[in-house]
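Thanks for sending this one over. Have it open beside you as you read my comments.

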Amino acid sequence: MYDTIAAIATGEGLGAIGIVRVSGAGAHVAAEAVFTERSGRRVADFAARTLYYGALADADGRVLDRGLCTISRAPSSYTGEDTAEFHCHGSPVVLQGVLEALFAVGVRQARAGEFTQRAFLNGKLDLVQAEAVIDLICAETAEAAQNAAGQLGGAVSGKTDAVYDGLRDILAHFHAVVDYPDEDIAPFELAEYRAALLGYAADLDALAATFRRGQVLTRGVPTAILGRPNVGKSSLLNALLGYERAIVTDLPGTTRDTLEERVQLGGVLLRLIDTAGVRETDDPVERLGVRRAEVAAAAAELVFAVFDGSEPLTAEDMRVLEAARNVPRGIAVFNKNDRPCVADAEPIRACFDCIVHVSAVTGAGLGELEAAVAELYAEVPIPAGQVLTNPRHVDAVSRAVTHVTAALEALDAGITPDAVLTELEGAMGALGELTGRTVAADVTGRIFERFCVGK
């Protein structure tokens with residue numbers, strides 16, 4: 001861990017600016033070897049967190065670029081170690097050249113996530129905060145980014161640490177009374193902590209309950225687009241994406257398989273699944289597509305049931321209605337509103353949260369569809385950072401809830417304090433796994449495998 005590492009910290013491809021990051025005990029010596037400040041000032045004399053202009057050169061003294069260098073000194077840095085960063089022009093050739101110049105003076109290539117892993121190991125971040133870094137990088141909506149930023153700031157850790165510390169105080173009081181009977185310590189009465197334990201269980205349970213919303217933030221809402229052939233399902237998909245992802249023809253049954261794309265609509269990330277037209281058919285390939293459409297509907301959280309508003313409803317439309325009936329949320333989309341509407345909406349009105357009229361060809365009504373999605377997912381605001389998005393987190397919190405609940409049940413049953421306290425120790429262990437207080441080394445290894453090189 002104590003060697004010096006470096007990596008390109010900006011994305012692949014051309015860019016105006018590119019950053020090469022260095023961390024470790026030899027970071028400043030390595031920076032001195034490749035960077036010459038314009039006035040001749042040594043890197044060792046740089047003020048921390050200040051940009052200095054100069055030339056970057058390789059081992060043979062050839063200038064690679066002219067750019068900026070900034071340093072931080074341990075422990076006041078992202079990783080807790082001495083660090084240096086070079087802000088160069090964003091040519092991949094230039095950035096790779098700077099990296100190779102650092103390698104030539106003994107620096108090694110950083111592994112994926114190694115900078116953030118060092119921040120965790122050096123106590124600059126806990127595990128929840130470290131995982132929030134990659135969530136922030138991968139955020140696809142503003143709400144997801146705000147939630148990840150809140151977790152990076154300690155929103156989840158603060159809530160769970162408060163419970164952990166409260167449980168620790170209960171255990172410390174018990175053991176102090178047992179181990180030091182002659183000391184003037186207040187008697188330990190477990191019943192006095194019952195209200196606190198109820199509060200801890202409620203707080204943790206409420207935190208665990210945010211996971212469903214967290215899945216919407218990070219994975220998106222699985223949304224099936226259903227309808228009989230030629231009602232405009234693929235046209236609607238293309239209109240929402242803003243480009244022609246699906247083939248559209250006048251021939252019924254063009255779509256034979258499911259297509260999945262992600263789109264943000266009404267501030268909500270949707271995983272749109274375009275499906276084959278639902279109808280009876282003798283074509284075995286198309287029949288398989290229809291079956292996949294019905295399977296997609298069964299797994300969806302939201303359905304866009306598309307009907308041709310310019311034609312009367314048919315028996316095939318009723319089959320679509322049956323496929324959509326059990327989806328938790330649904331919007332009936334009457335397409336082709338650029339033509340006179342003759343379809344009767346009354347037979348299906350009660351089966352959906354709302355009905356919107358659109359034209360996938362002209363784009364008319366798409367704003368109403370977006371507003372309908374936003375309204376369906378307009379939930380009670382939760383402070384940024386307090387929505388669980390990671391299965392590991394909800395598992396740890398849920399296990400902590402189970403232990404605290406078991407402790408309360410044991411308390412109410414009059415079981416001896418040591419049995420109750422064993423459950424509280426189990427809750428502390430689960431919460432410790434969440435932030436990294438009691439986590440095993442192999443778990444941290446798996447966590448940081450998700451990261452990109454340079455972060």
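Here are my notes, point by point.

1. Ground rules. This is a predicted model, with local features needing pLDDT of at least 70, side-chain atom pairs counting only at pLDDT 80 or more, and totals for chains, interfaces and linings using all residues. Numbering runs from 1 along each chain as its sequence is written, and side-chain values use heavy atoms, with hydrogens and water left out.

2. Helix α14. Residues 391-412 form α14, whose 22 residues reach 32 Å from the first C-alpha to the last, close to the 32 Å expected at 1.5 Å a residue. (Helices are DSSP runs of H or I, at least four residues, and strands are runs of E, at least two, numbered from the N terminus; the expected span is 1.5 Å times one less than the number of residues.) At its start, a side-chain oxygen of Asn390 comes to within 2.8 Å of the backbone nitrogen of Arg392. After the helix comes Gly414, with a positive phi near 80°.

3. What does α14 bury, and what covers it? Its buried residues (under 20% relative accessible area, 1.4 Å probe, protein chains only) include Val397, Ala400, Val401, Val404, Leu408 and Leu411. An α-helix has 3.6 residues a turn, so residues three or four places apart point the same way. The cover includes α4 (127-138), α5 (142-152), α7 (194-208), α8 and α15 (417-435).

4. Asp308. Look at strand β11 (residues 302-308), where Asp308 sits. Asp308 counts as buried because its relative accessible area is 2%, under the 20% limit. Its side chain makes a polar contact with that of Lys336 at 3.1 Å. (That is a pair of N or O atoms within 3.5 Å, where one must be able to donate a hydrogen and the other to accept it; residues adjacent in sequence count only if both atoms are side-chain atoms.) Leaving out residues up to four places away in sequence, Asp308 also touches Arg228, Asn230, Val231, Asn335 and Ala343, among them, a contact being heavy atoms within 4.5 Å.

Terms used:
Buried means under 20% relative accessible area, exposed over 50%, partly exposed in between (1.4 Å probe, protein chains only).
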